[in-house]
2 protein chains.
Amino acid sequence: MGAGNVGFHLGIKLHEMGVEVLEVFSRTKVKAKNLAIKIDAKPRSKLKKITTKADLYIIAVKDDAIASVVQKLAKTAIKNKLVVHTSGGTNTAMMGEWLTNFGSFYPLQTFSISKQPNWETIPICVDANTKKSRKTLLKLAKKITTKVYEINDEQRAILHIAAVFVNNFSNHLFHIGATICEKENLDFEILKPLIQETVDKLKSGNPNEMQTGPALRKDQKTITTHLNYLEKYNKIKKLRILFCVSCVK
Amino acid sequence: MGAGNVGFHLGIKLHEMGVEVLEVFSRTKVKAKNLAIKIDAKPRSKLKKITTKADLYIIAVKDDAIASVVQKLAKTAIKNKLVVHTSGGTNTAMMGEWLTNFGSFYPLQTFSISKQPNWETIPICVDANTKKSRKTLLKLAKKITTKVYEINDEQRAILHIAAVFVNNFSNHLFHIGATICEKENLDFEILKPLIQETVDKLKSGNPNEMQTGPALRKDQKTITTHLNYLEKYNKIKKLRILFCVSCVK
């Protein structure tokens, strides 16, 4: 259920592995169809019409919609089937109010429809309310990747917060960098080796040891020059000041 | 002059290329010595004692100290030699007040003493006040890397701001991610494939197109859960809220 970034790539991967994906659900008909056709599944756009015959139900809709999907499934025979969600930011405990077998199957990665994921390198975090379900999910996860972790609700929530910092927020910084270059007719390509190195350095040590730059060196003159420039971009400036303080400390 | 991260690695590279590095200056005697011994140069810890016989003087001290180094050099015969700095955040125009030949030789990369840089992939941004000096610097840069750019003061300043966003600030986010994991006894290694993918995605599209996560999806419940968690880390929370607003917009 769900044909967004995660649902799309997970659906394709399961199909490629030889798992029989019976149906693809998406409220957006065309999205259900687009994925279903790729993986020999039936498209569904109404939850009450989905099959009750599957062994596993994977909910990959946006976080805020998970509870409502669970409640709808619980009105059918699916109530007693194994149902998991793929969300880092949602606990599984709440699923217990409606279902008897439930858990999470969280691939800790950022997915975009247009980019093929390399599943072997992707950590999958698994949890379930029974030993049997956990075993089923671990077995499936291990066919997808070597990086399988048993992660409970609390741990997953924390991993997800950390993931937002290292991924979504960093990507937003890359976006700011690209925007600055674009506004000034400079090629963002010039910055890409620097971005790659920032990440490569994590192999040599922890990020705290690897920090460099004007804030760390306390190059006050340079920091002032930067802040003056950023006056032009007021929204960015607010961000900058907080970061600076935080870096220096 | 300067045996910090940039001076250290640039000194070694020049020596490896067969450039005769006559002297290494650092106010910290032991730093000058440590580098000098590696590259067959003489260590110097007093500026007024450095040779006047070199063809090129490279200033790789912290930004705030550049002007004072330039002024001291200008009191000797070095006044008419080619002097460059390696700083992204400092203009060259101010060097003209004291010197006749000056410019910049800015390797746009993050350097740490402990990590060997891959010079072939590093963009070097070159500028000088005369055609002849520019030619000399371009020739030298092209021996180090294929990525050589002529970048004037204004462009370099802007590249440097963008570089701080994509490198120093991202690295700070990685540090926050690592800190959250550490506080909760989770292995930061689990997040590294995600970090790598965040960067790999830049090859497929611009960062704006590649954004994912709860802020983009407007998963308000998840955002609230995260903010509640971050109450524990007040300093981080301030950062988070600003980012959130900025991502959603």
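In this predicted model, 81 residues of chain A are in contact with 81 residues of chain B. Let's start at that meeting place and look at what chain A brings to it. Six helices each supply at least two residues to the side of chain A that touches chain B: α5 (153–183), α6 (192–200), α7 (207–210), α8 (214–217), α9 (220–230) and α10 (234–248). Among these, α5(A) gives the most, with 24 residues. If you sort the residues on this side of chain A by class, you get 38 nonpolar, 30 polar and 13 charged.

Now step back and take in chain A as a whole. Its secondary structure comes to 10 helices and seven strands, and its C-alpha trace spans about 65 × 35 × 30 Å along the principal axes. Of the 249 residues in chain A, 47% are buried. As for how the chain meets itself, take the contacts with a separation of 6 or more: residues 24 or more positions apart account for 53% of them.

Domain 1 covers 5–151, and domain 2 covers 158–248. Taken over C-alpha atoms, the centres of domain 1 of chain A and domain 2 of chain A are separated by 35 Å. Where these two domains touch, domain 1 of chain A puts in six residues and domain 2 of chain A puts in four residues. On the domain 1 side of that contact you will find three nonpolar and three polar residues, but no charged ones. By contrast, the side of chain A that touches chain B does include charged residues, 13 in number.

Definitions and conventions. Residues numbered from 1 in each chain as written. Chains lettered and ligands numbered in written order. Predicted model: local features only at pLDDT ≥ 70, side-chain atom pairs only at ≥ 80, totals over all residues. Contact = placed C-beta atoms within 7 Å. Helix = DSSP H or I, 4+ residues; strand = E, 2+ residues; numbered from the N terminus. Nonpolar A, V, L, I, M, F, W, Y, C, P; charged D, E, K, R; others polar. Buried ≥ 20, exposed ≤ 12 C-beta atoms within 10 Å, placed from the backbone. Domains from an automatic or database assignment.
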